[in-house]
Amino acid sequence: MAGTYEEHAKVFKAFCDEKRLKILELLRGGEKCACVLLEELDLGQSGLSYHMKILVESGIVESRQEGKWTHYKISEKGSAHAASLLKELTMPNTVLEENICCKK
């Protein structure tokens, strides 16, 4: 079960940084080359690589190599997974359980 929590945490980590949120906003307009993202963000190459690694590992963003540049886009599958995961984790449990902790 711990592995599942680690995978879930990767998804939510993608949304826990203002620079990554800005990257996602830029990618909403379609696929972008890393060179374009660098122009739009106050980041160096290593900073962008760090954030893109987190976004790609989360499954929210897909990457493809073209020459020396990497191109990124939002993954429809990853986005749908993140939305359903949030709903699953925050939806109240519908199974009625007895509150046995307070009964003596």
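**View 1. Histidine 71 sits buried in the model.** Histidine 71 counts as buried because its relative accessible area is 13%, and buried means under 20% (1.4 Å probe, protein chains only). You'll find histidine 71 in strand β3, residues 69–74; strands here are DSSP runs of E with at least two residues, helices are runs of H or I with at least four, and both are numbered from the N terminus. Setting aside neighbours within four places in sequence, histidine 71 is in contact with residues including Glu31, Cys33 and Arg64, where contact means heavy atoms within 4.5 Å.

This is a predicted model: local features need pLDDT of at least 70, side-chain atom pairs count only at pLDDT 80 or more, and totals for chains, interfaces and linings use all residues. Residues are numbered from 1 along each chain as its sequence is written, and side-chain values use heavy atoms, leaving out hydrogens and water.

**View 2. Here's the largest nonpolar core, with 18 residues.** Such a core is a set of buried Ala, Val, Leu, Ile, Met, Phe, Trp, Tyr and Cys residues joined through side-chain atoms within 4.5 Å. Leu37, Leu48, Met52 and Val61 have the most contacts inside this core. Two or more residues each come from α2, α3 (34–40), α4 (45–58) and α5 (76–90), and α2 gives the most, with four.

**View 3. Zoom in on valine 61.** Beyond its neighbours within four places in sequence, valine 61 is in contact with Leu24, Leu27, Met52 and Tyr72, among others.

Conventions:
Buried means under 20% relative accessible area, exposed over 50%, partly exposed in between (1.4 Å probe, protein chains only).
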